[in-house]
Amino acid sequence: ALLRPRRFMCRNAASGNEEAAAKAAAKIADTGAPTIFDKIIAKEIPSTIVYEDDKVLAFQDVNPQAPVHILVIPKMRDGLTQLGKAEPRHAEVLGHLLFAAKLVAEKEGIVDGFRVVINNGPEACQSVYHLHLHVLGGRQLKWPPG
Ligand code: TR5
């Protein structure tokens, strides 16, 4: 599996230009550098916050893929750029994030059906390397996902 050629088909997939897609994905590498989400947490960039506590922040995704599309993120990244980097010390915040996703679904009135998604790494089209849960709902969701 390690030798399987990777063809990232994320944002540029519609263009059919696989080289451009691969280049775009390669640029969004997990460098551990601060991301746009740090600015959202610091409230240096405005966002529509739907839930906040001492550990997590939930806000509307700027490019919604469903009528309700909220991102739930830890306030302290602590090396948790992606789920695959989780260490035992992160177990508590991971549970907290999932419970916050449930609170967000209740607040948004999508308890009849919602989906929680974590895109992990380039092959899953992760584009921001600060762990985040997508909470999606408000329409009939399809399965399997793309
Ligand atoms: O692709 P992954 O799973 O990494 O998800 C990153 C998500 O962050 C995408 O759904 C983007 O639409 C979302 N995003 C990106 C930016 C942004 C945002 N959501 C709210 N506000 C945002 N700002 C201000 N800037 C972004 N670059």
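The largest nonpolar core of this protein has 25 residues, and Ala58, Ile70, Val72, Ala101, Val104 and Val135 are those with the most contacts inside it. A nonpolar core here is a set of buried Ala, Val, Leu, Ile, Met, Phe, Trp, Tyr and Cys residues joined through C-beta atoms within 7 Å. Buried stands for 20 or more other C-beta atoms within 10 Å of a residue's own, exposed for 12 or fewer, and partly exposed for anything in between, with C-beta atoms placed from the backbone. Two or more residues of this core come from each of α2 (36–41), β2, β3, α3 and β5. The biggest contribution is that of α3, with six residues.

A word on the model itself. It is predicted, so local features need pLDDT of at least 70 and side-chain atom pairs count only at pLDDT 80 or more, while totals for chains, interfaces and linings use all residues. Residue numbers start from 1 along each chain as its sequence is written.

**Overall layout**

The protein comes to three helices and five strands, and along the sequence these follow the pattern α-α-β-β-β-α-β-β. Both kinds of element are DSSP runs numbered from the N terminus: helices are H or I with at least four residues, strands are E with at least two. Of the 146 residues, 25% count as buried. Among contacts with a separation of 6 or more, 55% are between residues 24 or more positions apart; a contact is a pair of residues whose C-beta atoms, placed from the backbone, lie within 7 Å.

**The sheet**

The five strands make an open sheet in the order β1-β2-β3-β5-β4, with antiparallel pairing. β1 (49–52) and β4 stand at the edges, each with a single partner strand, so one side of each has no neighbour in the sheet. On average, neighbouring strands are turned by 20° against each other, direction ignored. Strands count as paired if DSSP finds at least two bridges between them. Here are the pairs, one by one:

| Strand pair | Bridges | A facing pair of residues |
|---|---|---|
| β1 and β2 | three bridges | Glu52 and Leu57 |
| β2 and β3 | five bridges | Ala58 and Val72 |
| β3 and β5 | five bridges | His69 and Leu136 |
| β4 and β5 | four bridges | Val117 and His134 |

β1 and β2 also form a hairpin, with three residues between them. β2 is mostly covered, with four of its five residues buried. The count for β5 is likewise four buried residues out of five.

**Helix α3 against the sheet**

Which strands does α3 lie across? They are β1, β2 (56–60), β3, β4 and β5, and α3 runs at about 155° to β3. Axes are lines fitted to C-alpha atoms, for helices over the stretch in contact, and angles run from 0 to 180 degrees between N-to-C directions.

Two residues show what this packing looks like up close. Ala100 lies in α3 (residues 91–108). Why does Ala100 count as buried? The reason is its 24 C-beta neighbours inside 10 Å. Leaving out residues up to four places away in sequence, Ala100 touches Tyr51, Val56, Ala58 and Val72. By contrast, Lys142 is 42 residues from Ala100 in sequence and 23 Å from it in space, C-alpha to C-alpha.

**Around the ligand**

The ligand is surrounded by Ile36, Ile45, Ser47, Asp61, Val62, Asn63, Leu71, Asn119, Cys125, Gln126, Ser127 and Val128. By class, the shell has six nonpolar, five polar and one charged residues. Nonpolar covers Ala, Val, Leu, Ile, Met, Phe, Trp, Tyr, Cys and Pro, charged covers Asp, Glu, Lys and Arg, and the others, Gly among them, are polar.

**The loop with Pro122**

Pro122 is found in the loop between β4 (114–117) and β5 (133–137). Is Pro122 buried or partly exposed? Pro122 is partly exposed, because 19 other C-beta atoms lie within 10 Å. Asp30 is 92 residues from Pro122 along the chain, and their C-alpha atoms are separated by 9.0 Å.

Key
Near = placed C-beta within 6 Å. Contact = placed C-beta atoms within 7 Å.
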